[in-house]
Structures are given as structure tokens and as C-alpha cells.
Amino acid sequence: MMLSRDGVSGFVCLAISVILLTQTFGLPPAAIVPIGPAFYPRVVLSILMLLSVILIALDFRAMRITAAPAAAPAAGLAPNYRLVLATFIEFGLYILVLPLLGFRIATFLFVLSLQVTLEWPRSAKHWALAVAIAAATSIVCYLIFQDYLSVLLPRGTWSNM
Amino acid sequence: MNHYELLLTHMGTVLHLQYLVPLLVGTIAGVIGGALPGVTITMTVIVVLPFTFGLDPLQGLAAMIGVYVGGSAGGSITASLIGIPGTPSAVATTFDGFPMTKKGEAGRSVWVGVWSAFIGGALGGLALIELTGPFASLALEFGPWEFFSLFVFALSMVAGLVGRSVTKGLLSGAIGLAVTIVGPDPILGVQRFTMGIHQLEGGFDFLPVLIGIFAFAQLMPDVEQIRSGEQQIAANAPRQISLKVSHMSVFWDILCRPFILLWCTFIGIVIGVLPAIGGSAANIMAYDQAKKFSKRPEKFGTGIPEGIMASESSNSANVAGSLMMIMAFGIPGDAVTAVMMGALTIHGIQPGPLFISQQPKIAYGIYAAYLLALPLMVAVIWIGSRAWMHIIMMPKSMLIPIVLVLCVIGAYALGNSMKDVYVLALFCVIGYAMVKARIPLAPLILGVVLGDQIEANLIQAVSTDANPWLFVTRPISGAMLAASILSIGLAVWQHRRETKRQAAAAADEEDTDF
């Protein structure tokens with residue numbers, strides 16, 4: 001028997017609520033008002049813990065009731081998790097290199113690489129389009145935010161731009 | 001000056017280019033965002049958000065209201081033309097809009113939707129102007145006990161109504177509240193759960209959390225399907241459809257069915273007032289009601305104007321209801337108004353009962369922008385009618401990187417710091433994990449919005465009078481706490497009934513096999 005996604009979510013939330021709940025005992029007691037800084041977090045985390053336990057219990061009950069083998073996955077479009085993982089990794093890298101390379105370079109590289117990852121350009125024309133979109137996104141956003149909306153976008157410590 | 005004189009004055013103000021341009025740009029962005037399948041109004045307003053930081057509050061709000069109104073109608077274009085709702089709030093429009101297009105009446109299908117949205121929105125606007133003041137006056141009578149109970153009621157109702165599982169809805173709301181306990185406590189400023197990370201000492205700002213939760217949660221399901229899904233849309237959809245139609249006949253289609261129009265508009269307003277439920281529920285409920293009251297229910301789903309009218313009028317009126325709730329009580333009616341609330345707080349403006357009296361320029365500016373966004377929405381759809389099929393076909397591979405860059409700018413620009421970008425990244429992961437765990441996002445957002453206020457009102461109430469029974473014995477507070485319990489109980493009962501019904505249906509199917 002394996003836990004379903006409900007059971008897993010329940011255990012994750014339960015673990016987080018228990019860890020945080022134990023931390024509330026290190027908070028100072030009430031000084032000015034009748035309830036201290038630990039009171040409200042304890043209430044919230046207790047509710048979270050209780051709901052996590054209910055979710056886990058419901059999942060176990062559902063597993064007991066469902067004696068029949070799980071139905072085969074519906075014939076249709078299987079989610080492309082490789083693409084999702086690649087998007088997460090590229091987005092993570094973008095955020096990491098943003099303060100190093102600066103907004104313009106990092107954004108150009110991110111937009112270009114993600115476009116290419118999501119749909120591989122099939123011809124030179126498609127490549128040119130992808131590069132143009134990446135360059136336009138980087139430059140137009142920079143100009144609008146930096147010059148018009150007075151938002152100072154990150155400058156790169158490596159590239160100094 | 002009376003109510004409507006003030007409104008006319010502020011309409012004149014919003015007609016100045018400095019406000020009209022953001023309103024128009026927002027409306028165009030909204031219609032496009034609403035029309036693009038997979039890009040919701042929430043996502044569009046998040047994309048527009050960073051552009052509003054450098055503007056004055058009313059300019060920024062005008063842009064967001066434009067997005068909201070334009071997006072509500074834009075979703076119906078895709079729903080009618082290719083049978084895929086541009087936004088969740090246009091799901092019911094596909095039921096009759098697409099069959100009408102297949103019958104060769106694409107123009108009628110789109111324009112019945114657009115004009116219904118216009119009329120429903122205008123009636124909703126009337127309710128917004130007339131009812132926000134009385135609601136705010138009612139809210140002024142509230143003490144901390146009533147506000148605490150109201151926020152608890154809002155959260156419990158959303159948790160109970162959204163999604164398939166009441167437990168998961170409540171869990172999502174509790175996660176949202178848990179997000180707000182990180183950082184300093186509201187009285188002594190004692191640091192809580194910062195784990196020694198000094199970037200967490202201010203707690204989590206609401207907007208990076210919201211942007212993060214919605215960014216990956218809404219974009220990644222598209223990424224999962226990107227190769228096959230897009231090809232399917234592209235293969236099925238015609239490249240060019242004529243939207244030419246006699247607008248007089250479309251008006252006649254709508255106005256000769258006044259009951260459906262008024263009743264569905266009313267449903268839209270009520271659903272908009274209820275916290276965080278939004279247009280996705282309003283259009284389905286209105287469609288269901290229109291079908292129940294119709295003399296020809298069997299025709300629904302075959303391409304009749306009543307179905308489109310019901311969905312679009314309620315969907316558009318829902319916007320007015322949501323704005324009413326945020327202006328009178330400071331409770332967002334849905335995720336879009338939650339972003340608006342965040343944008344207001346950046347400018348140091350707190351929506352709530354005192355909003356209209358303390359910020360009349362902005363309050364009446366919101367009314368004016370809302371009313372002016374409706375004709376702008378019609379004009380944008382009219383002028384852009386040749387381009388819609390091309391816009392709908394825009395490849396996701398181009399769109400997604402640009403949207404993600406704007407999300408990063410939106411988070412970064414809040415405090416010109418990478419801290420908010422890291423928060424955004426963290427909540428991107430959490431948002432996608434919640435989607436995969438089928439935990440609804442709306443209660444979490446409401447929890448994050450209301451968490452601090454729930455704690456502050458709780459402390460204020462207990463500090464004023466330590467007797468905890470006052471939460472129950474004060475009539476309004478007690479009634480709302482009772483309503484909270486009732487709404488959760490009702491949701492559990494409905495869920496169980498539905499589960500039993502499905503089990504019985506499955507058993508019947510098995511019997512027929514033998």
C-alpha cells in the first residue's frame with residue numbers, strides 16, 4: 001500500500017506544523033497584552049496539524065476501502081515533467097545569476113534558453129525569432145522600468161551592467 | 001456634492017490622458033490575457049503589476065481595473081471561437097458559444113458575450129456605486145471581535161466552497177495563515193520562525209507570495225502539455241473567422257430576455273461579494289440558473305444566446321461585487337482584487353471601512369475607471385476583431401519566459417531587493433506542489449491576506465476585554481462564527497452527498513455490466 005498525494009501532503013504539513021509548534025515554546029511570554037507572541041501561532045499551527053492528521057486519516061481510510069487495483073492511467077496526454085523540471089532549473093539559474101550578470105544579460109539568456117527548451121527552433125528563421133524576442137524582452141523591460149518607471153533593475157557584480 | 005456629482009467629476013478626471021492611457025493599456029492587456037488560453041486574469045494582473053509601481057495609485061488601479069474588466073470579457077472570445085475558455089470564468093460560455101460558432105454564427109456568439117458582459121458590468125457598476133457606501137457604514141460599526149469573526153467566516157467559507165475536498169480547502173487556508181506568522185509579532189515585534197535568516201525578519205511580503213503561488217501554479221500545467229496541446233489547438237482552429245454581425249440584432253437577442261440578464265447579473269454580484277470565489281463559480285452557477293428557469297432547457301448547450309448571456313453577464317457583474325468587498329471591508333473578492341489590495345498597500349493605502357471617507361479621490365476614481373473600462377473593453381474587442389485568432393494562437397514557448405521575467409521584476413521592484421525574488425521562487429515551488437497535490441490556492445491567498453489582520457484584531461479584542469466569550473456573545477460576531485461553523489458543516493454534508501451519489505452511480509454502472 002502506498003500513500004496517495006493526499007497522504008504525502010498531509011505528512012509534509014504535519015511535519016512542518018510539529019517543527020514550528022515546538023519552536024513556539026522558545027518564544028517569550030506575554031508582557032503587555034494578555035496573549036503573547038506564541039499564542040496565535042500555536043492556534044494556527046494546531047489547526048494545521050489537526051487538518052494534516054485528518055487528511056492522512058482520510059487517505060488511509062480511502063486506501064482500505066479501495067481494495068480493487070488502481071485504474072490504469074487515462075489514455076491521453078501524459079504530463080511532460082521533463083519540461084517542467086527544465087523550466088524550474090532554468091528559472092532557478094536565472095534567479096541565481098541575476099545579481100551576478102545583471103538584468104539585461106541574465107534576462108536575454110533566460111528568455112532565449114527557455115524558449116529553446118519549450119520548443120526547439122526548427123529553422124534559422126525560428127532561431128532568429130527566438131533571439132529577437134529574448135533581446136527585445138531584455139531591452140524593452142530595461143528601458144521601460146529603468147527609465148520610465150524608475151525601477152532600478154539588478155546590476156551584475158561580474159558584468160557591471 | 002452628492003454621490004453622482006462626485007462620480008461625474010471623477011469620470012472627468014479619469015478621462016484625462018494620464019489616467020485614460022493606463023486604463024486603456026490595462027484593458028488591452030486584459031482582453032489579450034483573457035483571450036489567451038491558460039493565461040488567467042490573475043496572471044495578467046500580476047504581469048501588469050510591476051508597471052504600476054512607478055505610477056500614482058489611481059493610475060495603477062485604473063490599469064488593473066482595465067485588466068480585470070477586459071480579461072473578464074476576453075475569456076469569452078476564445079471560449080466562443082475555439083471552444084477553449086480563455087479563463088476559468090468563461091467555462092460556461094463554451095457550452096453555447098462554441099456550438100453557435102460551429103453553426104456559422106461566430107460573430108453573434110462573440111458579440112452576445114461581449115454586450116452581455118457590458119450590460120451585466122454596467123448593472124454591477126450601479127450596485128457597486130450604490131451599495132459600497134452602506135456596506136462600509138455597516139463595517140464601521142464593527143469592533144475587533146466582529147472583524148476577527150468576519151475574517152474567520154470569509155476564510156472558512158472559501159475553504160469550504162473551493163475545490164473538491166473541504167479538508168484540503170481548510171488546510172490551504174491554514175497554510176496561508178501559517179505564512180503570516182513568520183517574522184515579527186504585531187505587538188512586541190518578537191521575531192518568530194525566522195530560523196536565523198535575517199531576510200525573514202520582516203516576514204513574507206504578500207505580493208511576492210501571491211505572484212509565486214500563481215506563477216508556476218498556472219503556467220506549469222501548460223508546460224506539461226505544451227507539445228501536444230498546442231498542436232491540437234492549432235490543428236482544430238481555423239485561422240480566420242469573420243466576426244461581422246448586426247449589433248442591433250445582438251442587442252435584441254439580449255434585451256428580449258431581461259429576466260435572465262438581471263437574474264444572472266445579480267448572481268454575479270453576490271458571488272463577487274463572497275470572498276475569493278470569483279467568476280469561475282459565478283458563470284457556472286448563473287448558467288445553471290438560466291437553464292433551470294428557461295422554457296427550453298433542452299436547447300442549452302446547442303448554441304443559444306441565453307447560455308452565453310448567463311455566463312458573461314454574471315462573470316462581468318462579479319467584478320463589481322469583488323470591488324465592493326475590497327472597498328467596504330478590505331477583504332478581496334478574488335485573487336485579482338487581492339493583487340489590487342497589495343498594490344494599494346504599497347502606496348500606504350489600506351482598503352476597508354474608512355477607505356471611501358479617507359480616500360474619496362481613489363474610491364470614486366475606482367468607480368469611474370470601472371464604468372469607463374466597459375466601453376473601452378467593447379472598443380478594444382471591436383477594433384481588434386481581425387487579430388483575435390492570431391493572438392489566441394500565440395505560442396506558449398514565447399509567452400511563458402516573458403511572463404516569468406515580468407513576475408521576477410514584479411517581486412524585485414517591491415523593495416529593489418533580491419530577497420523578494422527568492423521568496424517568489426520559494427512560493428513558485430510551493431504553488432506548483434499544491435497544484436499537483438490538488439490543494440486549492442484561493443484559501444491560501446485569503447489566509448495570507450487576512451492572517452495579520454486576524455491576529456491584530458484578536459490581540460486588540462483581548463486587550464480591550466480579556467473575556468473570550470465576547471466573540472460569541474456579541475451578536476454580529478457570534479452570528480458570523482456560527483455561520484463559519486455552518487458553512488463548513490454544509491460543505492462537508494454536500495461533499496459527502498456528492499461522494500455517495502457518485503458511488504451509487506458507479507454501482508449502477510457495474511450492475512448494468514452484468
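Predicted model: local features only at pLDDT ≥ 70, side-chain atom pairs only at ≥ 80, totals over all residues.
**View 1. The fold of chain B, a chain of 23 helices and 2 strands.** The secondary structure of chain B consists of 23 helices and 2 strands, and its radius of gyration of 23 Å is close to the 24 Å that the globule rule gives for 514 residues, so chain B is as compact as a globular protein of that length. Taken along the principal axes, the box filled by the C-alpha atoms of chain B is roughly 70 × 65 × 45 Å. Of the 514 residues in chain B, 61% are buried. When the contacts in chain B between residues at least 6 apart in sequence are considered, 79% of them join residues at least 24 apart.

**View 2. The fold of chain A, a chain of 5 helices and 0 strands.** Chain A has 5 helices and 0 strands, and along the sequence its pattern reads α-α-α-α-α. The radius of gyration of chain A is 25 Å, well over the 15 Å that the globule rule gives for 161 residues, so chain A is more spread out than a compact globule. Its C-alpha trace spans about 60 × 55 × 25 Å along the principal axes, and buried residues make up 29% of the 161 residues in chain A. Among the contacts in chain A with a separation of 6 or more, 65% are between residues 24 or more positions apart.

**View 3. The side of chain B that touches chain A.** In this interface, 53 residues of chain B are in contact with 52 residues of chain A. At least two residues of the side of chain B that touches chain A come from each of helix 3 (41–52), helix 8 (166–180), helix 9 (206–224), helix 10 (226–236), helix 19 (396–415), helix 20 (418–436) and helix 21 (442–464) of chain B. Helix 19 of chain B gives the most to this side, with 11 residues. Sorted by class, the side of chain B that touches chain A holds 36 nonpolar, 8 polar and 9 charged residues.

View 4. Helix 1 of chain A (residues 5–23) has 19 residues, and the distance from its first C-alpha to its last is 27 Å, close to the 27 Å expected at 1.5 Å a residue. Its buried residues are A:Asp6, A:Ser9, A:Gly10, A:Cys13, A:Ser17 and A:Leu20; these cover an arc of only 110° around the axis, which puts them on the same side of helix 1 of chain A. On the other side of this helix, A:Ala15, A:Ile19 and A:Thr22 are exposed. The packing partners of the buried residues of helix 1 of chain A are helix 2 (39–65) of chain A and helix 8 of chain B.

**View 5. Helix 15 of chain B and the helices packed against it.** The 12 residues of helix 15 (residues 335–346) of chain B should span 16 Å at 1.5 Å a residue, which agrees with the 17 Å between its end C-alpha atoms. Because 10 of the 12 residues are buried, helix 15 of chain B is largely enclosed by the rest of the structure. The buried residues are B:Ala335, B:Val336, B:Thr337, B:Ala338, B:Val339, B:Met340, B:Met341, B:Gly342, B:Ala343 and B:Leu344. Against these buried residues of helix 15 pack helix 3, helix 4 (57–82), helix 9, helix 14 (305–329) and helix 21 of chain B. After helix 15 of chain B comes B:Gly348, with a positive phi near 75°.

Terms used:
Residues numbered from 1 in each chain as written. Chains lettered and ligands numbered in written order. Contact = placed C-beta atoms within 7 Å. Helix = DSSP H or I, 4+ residues; strand = E, 2+ residues; numbered from the N terminus. Nonpolar A, V, L, I, M, F, W, Y, C, P; charged D, E, K, R; others polar. Rg over C-alpha atoms; globule rule 2.2 N^0.38 Å. Buried ≥ 20, exposed ≤ 12 C-beta atoms within 10 Å, placed from the backbone. Expected span 1.5 Å × (residues − 1). Arc of directions from axis to C-beta.
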